[in-house]
Amino acid sequence: MQVTETLNSGLKREIKVVVPATDMEARLMTRLTDARGKVRINGFRPGKVPVQHLRKVYGKSFMAEVVNEILNDARSIITERGEKAAMQPEVIMTEDEKEAEKILEGGADFEFSLNYEVIPPIEIKDFADIKVNRPVYDVPEAEIDEQVQRVAESTRSYEPKDGKAAEGDRLTIDYVGKIDGEAFAGGTGSDQPLVLGSKEFIPGFEDQLVGTKAGDEKQVVVTFPENYQAANLAGKEATFDVTVKEVAKPGELKIDDETAKALGLELLDRLREIVRSQIESQFGSITRQKVKRQLLDQLDAAYAFEAPSKLVEAEFTNIWNQVNRDLEAAGRTFADEETTEEEARAEYQRLAERRVRLGLVLAEIGEKAGVTVSDEELQRGLFEQVRRFPGNQQQEVFEFYRSNPEALNTLRAPIFEEKVVDHLLGEISVTDQKVSKEELLAEDEDGEAEAKPAKKKAAPKKAAAKAEEGEAEAPKKKAAPKKKAEKDAE
C-alpha cells in the first residue's frame, strides 16, 4: 500500500492511497483459498474445487469484499500518520465503470483518496490560573415551611357551598380558550379544579372568577405572559369561556404526621426532608450552571485555535435548524427578535465555533485524566433522557435509543463532559460565596446559559441554550391557562 500526501493546508488533509494490483491479487487468493474448503459446487468433491474455478464464479464478489475491507481500514492509515480525523474521512475513488471493472477483475491498481480535517494538537495548560466563585444559597426554614404547606394543600378537604366564590375557595370549571375568536390547541379543559388565590393559572384569570357561583358562565380575558412556556401563545390576548360547575369551601389544613401519611410518607419529618432535598437540588443545579459557565468562559479564553470547519458546520446546522423551528412554532421572525437573519447567523456561527473548541479541549483533558463513561452511567443517562418525554412516548423513545447505537452514543458525550467538569473542579480554585436567592437567580450579564448570545429573545435564545447544554428538546406541554406547575414532593 502506497500512501502519498497530496494536500496539507491548515487542518485540511488529502492523501492518495494506491494498493497495487499484485497486493489485491494476493488478498483475493487468500479469500479464495479459504473458501475452497467451505463452498459446495456441483461436480466437485468438498475441498477439491479448483481455485481458478472459484475465481470464475466468485472472483468479482470476493474482490468487492477486498475493496470494502481496505476502505473500512482506511481510518487506520490516518492513525498511523499520527493524526486524528475530526470526522469520518471522505473517500474519493474512480467513477469510471470500465476502470472499476478492471479493479474487480484484478487487472488494475486500486487507487482512492481520503479527504479529511485533523483535530489540532492541544497542549493542556496549567489549571492554577483558573478561579471560580461558587454561589451558595442557604435555604431558610421559612422557605421549607412554605413549600411543605404548598404540598400539603393537596390533602386539604373541601365541602360544596352555596353562594359566591371567595379567595381560597375551590372551583370546578370547564373552559375553552380562544385567540381572535378561534379555539387554540391545548386551551380546553373539563372538570378542572382551581383554588382561587393559588396563582396556579396565568395572572388575571383567577381574579375574574372571584364572586362567581355554581352554574355561572363567565368570559375571562387575559394576556399570556411574554415568557410563557408555549411560545406560540406568549404575549397574546386570549378569552376563555368558563363554566363554573361547583364552588367548594376549604376545610382546616393541618400539617402533621397524618398529613404526611396522606401523601404516602411515614412522618412529617420525612416530608420536610424530601422537600428540602428537592429545593436544594433545584438551587444546586443553578449553582452548578453558573460555576460551569465561569469555568468554560476561562477555558474559552485560554485556548484559541482553529476548529475543524466540518465540525463547526455540523454544530451550526443543529443550532440553526432549532432556531428556525422555534421561530416557526412561535409565529415570529428575526425582526421580531430585534435582529436580522444575517446577524443571527453570525452570532450562532460564533456559538458553534465556541462549542466545538470547548468540546475538543474538554475531550483532551478528559482523555489525559483517564475519564470514561461506564455502561451503568450511560444507562442512567438513557433513563433520564426517556423521562423527558410523556409517558405514552417513553417506551418508543427507549427502544429507539436501544436499537440505535449511534443515537445512544450521543448520550455519552454530555455525561463525559460533566465528568470532565467534575475533574476540573477538583483541580482549580473554587471559592464558595454566600448569596441571596435573588442573586443566585439573577441572569448573567450576557445571558443565563453557557455561551448564549446576548440580546436574543424567545425562540432563538432558547435554541442557543439547548445547543450549548447539549440537550434534546422535550415535547411541549399543552397550552392551557395554567403556569408551569412546581413539582410536588415525590
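Which side chain does R325 join through a polar contact of 3.0 Å? The partner is Q322, where a polar contact is a pair of N or O atoms within 3.5 Å; within protein, one must be able to donate a hydrogen and the other to accept it, and residues adjacent in sequence count only if both atoms are side-chain atoms. Before going on, keep in mind that this is a predicted model: local features need pLDDT of at least 70, side-chain atom pairs count only at pLDDT 80 or more, and totals for chains, interfaces and linings use all residues. Residues are numbered from 1 along each chain as its sequence is written, and side-chain values use heavy atoms, with hydrogens and water left out.

Back to R325: you'll find it in helix α8, residues 309–330. Helices (H or I, at least four residues) and strands (E, at least two) are DSSP runs, numbered from the N terminus. R325 counts as partly exposed because its relative accessibility is 46%; buried means under 20% relative accessible area, exposed over 50%, and partly exposed in between (1.4 Å probe, protein chains only).

Now for the charged pairs. Side chains of opposite charge can pair when their charged atoms come close. The rule used here calls for a side-chain nitrogen of Lys or Arg within 4 Å of a carboxyl oxygen of Asp or Glu, and by that rule there are 44 salt bridges. Take E83 and R13, whose closest N and O atoms are 3.2 Å apart in a salt bridge. This pair links distant parts of the chain, 70 residues apart: E83 sits in the loop between α3 (74–80) and β3 (90–93), and R13 in strand β2 (residues 12–19). Both E83 and R13 are buried.

K437 and E143 form another salt bridge, with 3.0 Å between the closest N and O atoms. Here, too, distant parts of the chain are linked: K437 belongs to helix α13 (residues 437–441) and E143 to helix α5 (residues 141–152), 294 residues apart. K437 is partly exposed at 27% relative accessibility, while E143, at 14%, is buried.

E273 is partly exposed at 48%, and R270 is partly exposed at 35%. Elsewhere, a network of salt bridges links E141, D145, R272, R276 and E280.
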